[in-house]
Amino acid sequence: MDVPTYTSEDAPVPKGVVVIERASTAQDLGPKLNRTAADVVRFLLTNGEMVTATQSLSDEMIDLFAADVGAEIRLVDPGEEQEVELRKLLDFDDEVEEDERLSWPTRPPVVTVMGHVDHGKTLLLDRIRSANVVDGEAGGITQHIGAYQVEHDGKLVTFLDTPGHEAFTAMRARGADATDIVVLVVAADDGVMPQTLEALDHAKAAEVPIIVAINKMDREGANPDRVMTQLSERNLVPEEWGGDTIMIPLSAMTGDGVGDLLESLSLVAEVEDYRASPDGRASGSVLESNLDIGRGPVATVLVEQGTLSVGDPMVAGAAWGRVRALVNDRGERVETALPATPVQVLGLSDVAEAGDTFIIAPDERVAGKVADTREHWQRLTSLGRDASATSGGAKLEDIFKQIQAGETATLNLVVKADVSGSLEAVCDSLKRRERDDVNLAFVHRGVGGITENDVQLASASNATILGFNVRPDRKAREMAEQEKVEIRNYEIIYKLLEDVENAMLGLLEPEYEEVVTGEAEVREIFRIPRVGAIAGCMVTNGAIRRGSKVRFLREGTIIWKGSIQSLKRFKEDAQEVAAGFECGIGLSDFQDLKDGDIIETYDEREIPRE
């Protein structure tokens, strides 16, 4: 639409707030305020500013001219306004009336398969995929792109082949909501394992239907009833026992029961009635992305709304470009992709991140501006200048603010303990301390050290991590700092309960922060007469100092605390040994040393409350 221009100083000023991009030129600014570029240049000249019509203006120049003509303006970064407009398109689905939604065509369900590492997830996916390969196709599946579609009884089902629940939750942490149904694979001979429970907690956090595939029914010792009993204890009750969870015995090795699984997926999809509009500009999620030497940046995306076509100007996170080619899960080039269809996209300027949202922009200029703005803010965030924009996990101090505001606060918790008895005691004690204005929700409960996976789940679900007699490893600590997730470690249960109660009451006292100063891995044990066991160690992080407070960790669990009695380097006493060097460590009164144990030194410092 052509914007009318005026040369008269009496021309009307646009009503309301006018959005102006920073660094606009006189040619950009004038028409937005019903003036010409010459009007802007003339005014600035009379105020001592020598500018041309195509020169970028400072914020002060723009404000000065707007004030002179009596216009109310809002300055935004380049691309920011386009970002807002694109976000409106992403929120389109939430604003649609139910009657209009029912007029949309049905779409395939999107299924993610999760489970313990050796319970047959990969083999099951391969069995489903190979059953749908056209006979005689050279080499079977031509190409694996991390997602694929299969056909069952004339209906399509889309499978996402993620590396595991860590990737699944990492995508959710970045805002992706691509999965409709989770298939939880449990081996009939092994039963429920710790990673099974982790996968289950991640699936529950996504609030999607869960179907259990009881795999390896061909194995001797297969006991599906035991699996059902174990899952029932986690509130996943099978339909046969009066619950609402579909549990299907099958064998990925022989193929028995795989058809029943596909039938159940189709049934759930029919009940849930998944629909999407194929009209309008496409949007969806980036599933994975990589840099291909021959093809440049390649992104595997899942279309969620609209129709993606070759030639569309796409924005995916801070990457953008015109879609040069679309490749389906069989390696075939296609011109379009409908909702719930996974395709590879070629033509982006950079490698997008898994979990990024993609959307088709009105044109390449808008796409480029939005991507540049996103890159700008990502760069600021990485430098720590925009820490407030990082969502991360919840903090205990935040709960009292919600209570004061009259809200019913929910404190999401990830609880890890050294043994199952401690875990049960901690969780039961916490649950008894719930108040009318504060709910406690256990996102995940588990035995063992605090891992990166726990931090990812806490970030995705805005949770605080409570550790009882366990510690985070170095990678988990670094991720927690990056994701702004709070980890609290305790060795006395009443102190843990007291802190949570005080958080509910807003009475948190100044706390002591433990700063890990060094880590060493035990590589060899030396037995010296009249001295005892000496740990031959490699310092892997920080520095080990004589006299430091020390924790002894075995598989993430604290088994002893004390101090370093002796520290030697090449048989000579040493005050400190830095990372990358070997040393001998004698502990004050601990002799039960084993290869692979971790010696962790730390200091304590008080953190005053603000």
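Helices (H or I, at least four residues) and strands (E, at least two) are DSSP runs, numbered from the N terminus. With that settled, I turn to Asp-273, which lies in the loop between α11 (258-272) and β9 (283-292).

Before going further, a note on the source. This is a predicted model, in which local features need pLDDT of at least 70, side-chain atom pairs count only at pLDDT 80 or more, and totals for chains, interfaces and linings use all residues. Residues are numbered from 1 along each chain as its sequence is written, and side-chain values use heavy atoms, with hydrogens and water left out.

Asp-273 has a relative accessible area of 29%, so this residue is partly exposed; buried means under 20%, exposed over 50%, and partly exposed in between, with a 1.4 Å probe and protein chains only. Beyond neighbours within four places in sequence, Asp-273 is in contact with Leu-102 and Thr-106, contact meaning heavy atoms within 4.5 Å. The C-alpha atoms of Asp-273 and Pro-109 are 9.0 Å apart, although 164 residues separate the two along the chain.

I come now to the aromatic rings. How many aromatic pairs does the structure hold? There are two, where rings of Phe, Tyr and Trp (its six-membered ring) pair if their centres lie within 6.5 Å, and planes under 30 degrees apart count as stacked, over 60 as edge-to-face and the rest as tilted. Phe-43 and Phe-65 are edge-to-face, at 5.6 Å centre to centre with 65° between the planes. This pair links helix α2 (residues 37-46) to helix α3 (residues 59-69), and both Phe-43 and Phe-65 are buried.
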